[in-house]
Each structure stands twice: as structure tokens, then as C-alpha cells.
Amino acid sequence: MVALSLASAAACSGGGNAKTIRIGVDLPLSGSEGDAGTPTLNGIRFFVHQHPVLDGFNIEISARDDAVKGVHDPKVGAANIAALIADPLVIGVIGPFDSSVARAAIPLANEAHLAMISPSTSNRCLTKDPLLPAALSPTRTAITCAAAGVPVPADLRPAKVNNFFRLATTDELQGAAAADYGYKNLHLLRVAVLSDHEAYGQALAESFRARFTKLGGLVVVHQDFTPSATLDLSAFMKQAKSERAQAIYFGGVTANHGCAVRAQMATVFAAGEATPYLGGDGIAEDPACVRDAGSNAAGIYATVPVVDPQQVAESQAVITEFTGQYRNAWNYGPYTILAYDATAVLYSALDRAIKAAGGRAPSRENVVSELAATTTFQGATGTLGFDADGDTTHRIVSIFESTGSDPATPWRWVGAVDYSAKLPY
């Protein structure tokens, strides 16, 4: 994939006398969240198994689980990073998987000048303030990270230099992408909007409203509701229907009854694809969402802020080789190939840093510098690079659709919105 000179490195590695570099990993690897974290770890393992030696150094993986009772835990993630920092052979980390864990881990790794590459975190405040730019707000007023109740990026970086990079794009693009897809592909002109009274959902809903209006659509009614077990949005539904809404956009998560709303829609609107229900990765590809939506689960469209490798020509050979070695379906997941690419990007930075150090083990600071200089890396998922804040410049948002009421049925990829060349604001 890249000019790593791996074959020649293996030839001169010195066998058992080779030096060692470790790649740290922090992911949820047990319980329900392990269903996503373990296939992600498999992508890292697969790349390292393909490239066990780099410039005379044996490469090892030191993987740690940040889940407690199946749920990611920021405190455990921070403890994992502290342990990896204490290991002098660890030169970089793949992870974390979740933004809340990253928020706890970044300051520790930053003080230690330890590079981190996440294949999946998408909260904008990890890297940029504001949470929602003014140009994606219907009121033209930015929503700051402080207003959302989270630290600004500078507060996560006591060393004053960025050490955190990611391959997922940021959340403010999800609402915009849903607006683009709804307006241009589903030909929606009138939409009602809901949000679940949390910063994530509100930001998605606001960015959808701003982008949809800019494109020429009309948001006929908007409501921010407080989730409860007795949630009843029948009055909202009837108002949306009277205003000739063709669809509903929901900013929020399944746990806040977001997909129970979809079930309620059937009492007022035509079922299924006749009245689309759009949302973000808080509901995307979630079996619980399908269960909550029940018989009205078809026609849910949701954004995911990463590329779908299944749709990328360059990914096919890697996927074929991976599935030939990891034969069980649960070994492969949405972030397997992104984790493979995250490892490849780290190898490339390591290669340059080792060469700059005259073949010796590079400093952690130099690895961070080389990652920051990455602009046109040819990965399995496309051409990858990082901006000045460590965010990917490969800004792809994928769109998936739930096609039926069986929670076990995979969601169908229906398209993607690419903001790599131009942002929607």
C-alpha cells in the first residue's frame, strides 16, 4: 500500500534479535460493545500480521479493553492509556472507539506526546470549537462546546500540540448530509424535525434544518422533546401532517425513544418508504431501533460519518483477504477496514520517523509530527490525510436504510455524501 520497504526490512531484521515497537490499542472488547470493538481490533491485527516487521523492528500489539459490563467506560479508558504510556515500547495508539473515552484519554496521551488514531470517534469538540458552526445553525448562532457542556479542544491538550487524529468525519456533517440526501435523492421538499433534548441530537437537528432550508426545502414544524417512557408525540405528528410534511428528521439516539417515534408515525402517516424517517448514527444500523419501530421499520434512513468500505473499489482485495482468514461473520464489522487503514497510516508515520532517526527507535514526538504531516496516504478506503486539527480530510458520510422489521437484517447502503472537496458551510 505504501513505500514501507517491508520486504527489505524483513530480510535484515535479524530474526529473534530484532528490536520491538508496540502499538497500543484501546477499544471496548467485551460484552455488547465488544461486538463492535472486537471486529475493529481484528482490522489492526490483520494489518500487523501482514506486516510483522518494519525497518528492522518487530511490531507487537498491546490491546486493552475499556468496557465495563459491556459498556465503554471513560475511567477505564484513561487507565488503559496511562498503562500504555508507561510502556516505553508503545509508540502510538489505535483508539479509542467512543468519543467520551477519547475525551478522558486525550489529555493523558497529550502530556506524554503519544499519538492516538481513532477509526470511529466523531464528536466535533474533540478537535474543533464550536460544536455547531454558525453557518449550520438556523439562527446563524454557533453552539459552542462549552454550551454543550464539554471541554473545548485546547483544554484536552495541555502540551499545546495536537496528538489526536481520526478517520471518521465529524458530527456536524451528519445533519447536513441527511438534508442533502433527503432533498436530492428522496426529493423531499417539506420535512418536520424532532430532537431529543441532548447536545448531540440538537446539533444534528439544527444542522439538518439549516442545510435543508439552504437547499430550498421547508421545515414545517420543529420540536425538541424530553424523553420519557410515556412519550406521546401524536399532536406533533398531526401538526406535521396538516402542514404536508413528507418526512420526519430525528436528531438523537435510540435509547431516547427515537425509533419508538417511527412506530407512532404509522398512526398518522403512510407507512414505510412512503414517509421516510431520517436520523444519524445514534440510530443507524441499530437492532434496537428496528425493534422499537416495529412494523414501520422500513424506510428509516440514517447517516454514519465514515466511508463504507464495501462501496470502495480499493477495499475489495483487502476485504476478500481478510474474510478468507477471519471466516466467521462476526469477525468483520463496519470499522474493521478503517482500523486496518488507521494502522497503515501509523506504520507510514513510523517508517518516516525511524528513517529520520537513522534507523533507531523514534521519539513519540516525532511520530506525532509525522502523523500531522500526512496528507495523501493511499489507504484501502481512499486517499487519507489530516487537517491542522487532526481531522480526516476524507469527509464521507454514508447513508443506510432499514429495509424491514427483522432486527437481524443488515441495513442497506443507499448512498454517500462527500464533503472532501467542499464543506456544506
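A residue counts as buried when its relative accessible area is under 20%. That cut-off is used throughout what follows, and the model it is applied to is a predicted one.

The structure holds 2 disulfides. Cys 125 and Cys 145 form a disulfide as well, with 2.1 Å between their sulfur atoms. Here the S-S torsion is about -100 degrees, so the disulfide of Cys 125 and Cys 145 is left-handed. Cys 125 and Cys 145 each lie in the loop between strand 7 (115-118) and strand 8 (164-166), so the pair ties together parts that are 20 residues apart in sequence. Cys 125 has a relative accessible area of 1% and is therefore buried. Cys 145 is also buried, because its relative accessibility is 0%. Counting bonded cysteines along the chain, the disulfides follow the pattern 1-2, 3-4.

Next comes a pair of helices. The axes of helix 5 (residues 172-184) and helix 6 (residues 199-215) come within 7 Å and cross at roughly 40 degrees. An angle under 35 degrees would count as roughly parallel; helix 5 and helix 6 are therefore oblique to each other. The crossing of helix 5 over helix 6 is right-handed. On the side of helix 5, the contact is made by Glu 172, Gln 174, Gly 175, Ala 176, Ala 178, Ala 179, Asp 180, Tyr 183 and Lys 184. Helix 6 contributes Tyr 200, Leu 204, Ser 207, Phe 208, Arg 211, Phe 212 and Leu 215. Sorted by class, the contact of these two helices has 9 nonpolar, 3 polar and 4 charged residues.

Gln 174 and Ala 178, both named in that helix contact, are also among the residues that Thr 303 touches. Thr 303 belongs to strand 13 (residues 300-304). With a relative accessible area of 1%, Thr 303 is buried. Leaving aside residues up to four places away in sequence, Thr 303 also touches Ala 177, Gly 279, Gly 280, Asp 281, Ala 284, Val 397, Ser 398 and Ile 399.

Conventions: Residues are numbered from 1 along each chain as its sequence is written. This is a predicted model: local features need pLDDT of at least 70, side-chain atom pairs count only at pLDDT 80 or more; totals for chains, interfaces and linings use all residues. Side-chain values use heavy atoms; hydrogens and water are left out. Helices (H or I, at least four residues) and strands (E, at least two) are DSSP runs, numbered from the N terminus. Buried means under 20% relative accessible area, exposed over 50%, partly exposed in between (1.4 Å probe, protein chains only). Contact means heavy atoms within 4.5 Å. A disulfide is a pair of cysteine sulfur atoms within 2.5 Å. Axes are lines fitted to C-alpha atoms, for helices over the stretch in contact, and angles run from 0 to 180 degrees between N-to-C directions. Angles under 35 degrees count as roughly parallel, over 145 as roughly antiparallel, 65 to 115 as roughly perpendicular and the rest as oblique. A crossing is left-handed if the near helix is turned anticlockwise from the far one by less than a right angle, and right-handed if clockwise. Ala, Val, Leu, Ile, Met, Phe, Trp, Tyr, Cys and Pro count as nonpolar, Asp, Glu, Lys and Arg as charged, and the others, Gly among them, as polar.
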